[in-house]
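Colleague: I am new to reading protein models. Could you walk me through some features, one at a time?

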Amino acid sequence: QATLAQGVPTHFSRTSRHQSAMPQELDARGLPVKTDYPTMPVPAMYAMFSSVLGSMGVGIGFAIYKFGATSKFDGKIDALAKNDLGWVYLGLAALKQTQFLINVNLGVHRKEAKINVPDQQVYKAHGATTYVLMEQEGALGSFNRAQRALQNYLEQLPGFLAFFFSAGYVFPFPTFVMTLLFGGCRVSAAVGYTKAAKERMAGNIASSLVMETFQGLVLLAGVKALLRK
């Protein structure tokens, strides 16, 4: 999963790095016998993490506005209000929720199918009775996970750039700092993912918090711009 769903832990057991990289148990068809998701319903789990990280992002965004270069920020917000751009900022935040809902749908069906990361599709040769999944052991498994980590980054990049430019207009220096943090988190997640699927979570959660902070800044700028019309 991408975006916020990437920051939602689908692995809750405490295992060593060696254990986390152990092959998953497969049935006679070559499919996993159990899901990595917990028993909690996927929509409830995703909503819980989204609410927590979203609240933190709004709080951090408000702190940046309150304790940063507030007068300069207000000047940019005034320009947004003058050009009636508050709706554009709110629209961007709303679009992010669309992707969240799509990821919830994916999570529900991933759990039901018991197809765990890094697998994204299930293949079957015509006439065969067994299925084909990614190789997860050895150098080939590391390569597959590294490739999936790159795709995770590319999936997030368009949304990140939209927030980068919109938030960056009003909050330029905080955007620069958050971009460095986001990049560091994505590299950490990629290196961890290459080792084992569970090792990606710390970087994913941290990068999701950065994205939620971007959303907090965009929401703040959009709401203030509309209120100043």
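Modeller: We will go through a few local features in turn. This is a predicted model, in which local features need pLDDT of at least 70, side-chain atom pairs count only at pLDDT 80 or more, and totals for chains, interfaces and linings use all residues. Residues are numbered from 1 along each chain as its sequence is written, and side-chain values use heavy atoms, with hydrogens and water left out.

Colleague: Let us begin with the backbone. Which peptide bond is cis?

Modeller: That is the bond from valine 117 to proline 118, with omega near 10°. Proline 118 sits in the loop between helix H4 (86-113) and helix H5 (138-170). Helices here are DSSP runs of H or I, at least four residues, numbered from the N terminus.

Colleague: What is the phi of lysine 114?

Modeller: Its phi is near 60°, a positive value in a residue other than glycine. Lysine 114 belongs to the loop between H4 and H5. Aspartate 84 also has a positive phi, about 55°, although it is not a glycine; its place is the loop between helix H3 (70-82) and H4.

Colleague: Is aspartate 84 buried, partly exposed or exposed?

Modeller: Buried means under 20% relative accessible area, exposed over 50%, and partly exposed in between (1.4 Å probe, protein chains only). Aspartate 84 has 36%, so it is partly exposed. Lysine 114, at 34%, counts as partly exposed. Leucine 95 in helix H4 counts as exposed because its relative accessibility is 54%.

Colleague: And what about a charged residue that is buried? Which side chain of opposite charge is nearest to aspartate 119?

Modeller: For charges, Lys and Arg count as positive and Asp and Glu as negative, while His and the chain ends are not counted. A salt bridge is a side-chain nitrogen of Lys or Arg within 4 Å of a carboxyl oxygen of Asp or Glu. Aspartate 119 is buried yet has no salt bridge; the nearest side chain of opposite charge is arginine 110, 6.7 Å away. This aspartate lies in the loop between H4 and H5.

Colleague: Which residues does aspartate 119 touch?

Modeller: Contact means heavy atoms within 4.5 Å. Leaving aside residues up to four places away in sequence, aspartate 119 touches Gln24, Arg110, Leu133, Met134 and Gln136.

Colleague: One last thing: how far apart are the C-alpha atoms of leucine 95 and glycine 159?

Modeller: They are separated by 9.2 Å, although the two residues are 64 residues apart along the chain.

Conventions. Helices (H or I, at least four residues) and strands (E, at least two) are DSSP runs, numbered from the N terminus.
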